[in-house]
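Please keep the sequence and the structure at hand while reading.

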Amino acid sequence: MPLLLPHSPLRPVYIASFLSSNVVAVMGCKHLLLRARPFPLPPVPSSSSSSSSSSSRVRFRGAYGLHFSCVHSRTGSRMNPSCLKANGVPHRAHSSIPRPVQLEGPVGRGIETPLKVLKMRLEELGIDMQTCLPGQYHSLLCPMCKGGRSMERSLSIYISPDGSSAVWTCFRGTCGWKGSTRAAAKPRSSYTASNQTSKAKSIREITEESLELEPLCNELVAYFAERLISAETLRRNAVMQKKCENQIVIAFTYRREGKLVSCKYRDVKKKFWQEANTEKIFYGLDDIKGKSEIIIVEGEMDKLAMEEAGFRNCVSVPDGAPPSASDKDLPPEGQDIKYQYLWNCKDYLKEASRIILATDGDKPGQALAEELARRLGRERCWRVKWPKKNDSEYFKDANEVLMYVGSGVLREVIDNAELYPIRGLFTFKDFFDEINAYYHRTLGYEFGVSTGWKSLNHLYNVVPGELTIVTGVPNSGKSEWIDALLCNINESVGWKFALCSMENRVREHARKLLEKHIKKPFFDSKYGEPAERMAIEDFERGKRWLSDTFYLIRCEDDSLPSIKWVLDLAKSAVLRHGVRGLVIDPYNELDHQRPSGQTETEYVSQMLTLIRRFAQHHSCHVWFVAHPRQLHNWVGEPPNLYDISGSAHFINKCDNGIVIHRNRDPDAGPVDQVQVCVRKVRNKVAGTIGDAFLNYNRVTGEFIDIDAIPKKQ
């Protein structure tokens, strides 16, 4: 304890505090200190009397280095003359404290300067402050998160100007470690496990005798019997009792290799507590030694219930379940305090190839199962599904199932355990509901939506979630045919569509759609003769139809849209307006910037994968128009899908491939005849390969069936 030297109000104060067993720090006036008389110190334990005598007093000159601070009494001191505490002793402060003064002795033993002590404390925490200067902020590598994958220097640390203290914070969102320390104090940190300067917790060795455990009395045996736990099961699992104050509590003994490691208690009010400073392990650990299949439950009673159902290869976690599963990365072993029992038992767990998680059925129990699966590996985990208690409730745990429906049902629960779900990995069983609906045709559009043309219906039908590539030489009517198809689908089933049509002005596109819908020309002009122009009433009605049926995806400036930008807006249209179809027309009007080193073939493959995933996820049919490359020596025949500019992936990755071709030779047939060539159909339920012929009405933009048998390839 500190010593307070006798003094008067007019003399400086001397305070000595014991900082180590053989050194004393003295605060006071330097000149008076040299003239001060030695004062006695408390005896220090020593192995020999000679060492004790040499270390039990202060030496101002000699072999010891003495570090002390000088305090001069000044009238101009800013210190409040109120009573303060120094090392627990009240005294009157007279002045501020200047920088430490160091007197070195020949041996060099003594108290280190504050900066050196601070450096040692920070190094124990893993903070390297070799380049840090007092009074400045520094960015270092955080010893907790190591800066993540990017090795970011996210730890900001500040050293006080006198080098006596430091504060730090890690600004990585997934870390956030912060703390502070002083040269003469222990560090404080937001990571209790990282406080390496504190003494390691010692693990107690306990015995039944030291804990005063007793065999179970008849009353407790009867209590377990009410829960269908037999006396033999209690004896084999060494369930005991203990007198605690004025009550008798149940003692669940935790053992490894038969030796008592820890003990958990339960009273009649279902209050639990454990022996302090004992190792955390599974309850029933010896029962899973060398087992390839094990069961993990949430409580000791559930472990005993499993044994009554014939499962001895079962353990219980020692602690309760968390309120929810964490979304953070798994901490390293040394910081995984909550689940330290898993690490302590890892030699028992590594042999298991099948781990059944039979935790409670409530939300915390499911969270515990998720935390265990994250650490044990989902690929070797199974989970149970507790049976129904009534129409609205399920049984909570193993002991409840045993008590109410018996050991046979509990065995069925374990035997019917399901694979623990792994994101992205499924079985067909996971989709049986959808498959059943498909078989019974309750999903809708199992055979697709009719195109509206009889000659095409047996070749091509529109199925939600598919991708159709449409190509053809310029001026063949690709965009016109798609517009006519959308009008037919809207008329028959009421679908809505998102249009990303970069080659059409909005007003011209509106004219084409209105003409097909109203079946009258938009203008009185040559192309409209001799038909009657649509009336103003038709026009107003058509505008409402346009607004209710189509949603436009367009750049408001002169920039080119990327495929991601288009799909993001299409997703919004699906979710907000219920859009069932998307048209992207054409491919060459998109922004196709790609990383250096990526070929066009690789880019097209990646782009089409994004489009197909969008279509499947949102059950939205996508029509993608792509022009063929320049055809040399073309003689007027329809191109094929491999002629599309860019990559063969256009035909490889699409669900349907269609070529629109128009006759340009009057000698070969009518020039208003359009050939629809279906060149690929992945889904045989929706169509097949073949050709259909339609007549194009130039006045209204309609496509009309021709009474002819389609040519089969």
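In this predicted model, five strands make up an open sheet of mixed pairing, and their order across the sheet is E18-E17-E19-E20-E21. Strand E18 (314-316) and strand E21 (418-419) are the edge strands, each of them pairing on one side only.

Helix H7, which spans residues 300-308, packs on this sheet and touches E17, E18 and strand E19 (354-358), while the direction of H7 makes about 170° with that of E18.

The table below lists pairings within the sheet, with the sense and the number of bridges for each.

| Strands | Sense | Bridges |
|---|---|---|
| E17 (residues 293-297) and E18 | parallel | three bridges |
| E17 and E19 | parallel | five bridges |
| E19 and E20 (residues 381-383) | parallel | three bridges |

Single residues can be followed across these pairings. Starting from Ile295, the residue that stands opposite in E18 is Cys314, and the bridge partner of Ile295 in E19 is Ile356. Ile356 in turn stands opposite Trp382, a residue of E20.

How many of the five residues of E19 are buried? Five of the five are, so strand E19 is largely enclosed by the rest of the structure.

For helix H15 (residues 478-493) and helix H16 (residues 506-518), the axes come within 10 Å and cross at roughly 50°. Because of that angle, H15 counts as oblique to H16, and the crossing of the two helices is right-handed.

Which residues make the contact between these helices? On the side of H15 they are Glu480, Asp483, Ala484 and Cys487, and on the side of H16 they are His509, Lys512, Leu513 and Lys516. Sorted by class, the contact of H15 with H16 holds four charged residues, three nonpolar residues and one polar residue.

Definitions and conventions: Residues numbered from 1 in each chain as written. Predicted model: local features only at pLDDT ≥ 70, side-chain atom pairs only at ≥ 80, totals over all residues. Heavy atoms only, no water. Pairing = 2+ DSSP bridges. Helix = DSSP H or I, 4+ residues; strand = E, 2+ residues; numbered from the N terminus. Contact = heavy atoms within 4.5 Å. Axes fitted to C-alpha atoms, helices over the stretch in contact; angles between N-to-C directions. Parallel < 35°, antiparallel > 145°, perpendicular 65-115°, else oblique. Left-handed = near helix turned anticlockwise from the far one by under 90°. Nonpolar A, V, L, I, M, F, W, Y, C, P; charged D, E, K, R; others polar. Buried < 20%, exposed > 50% of the residue type's maximum accessible area, 1.4 Å probe, protein only.
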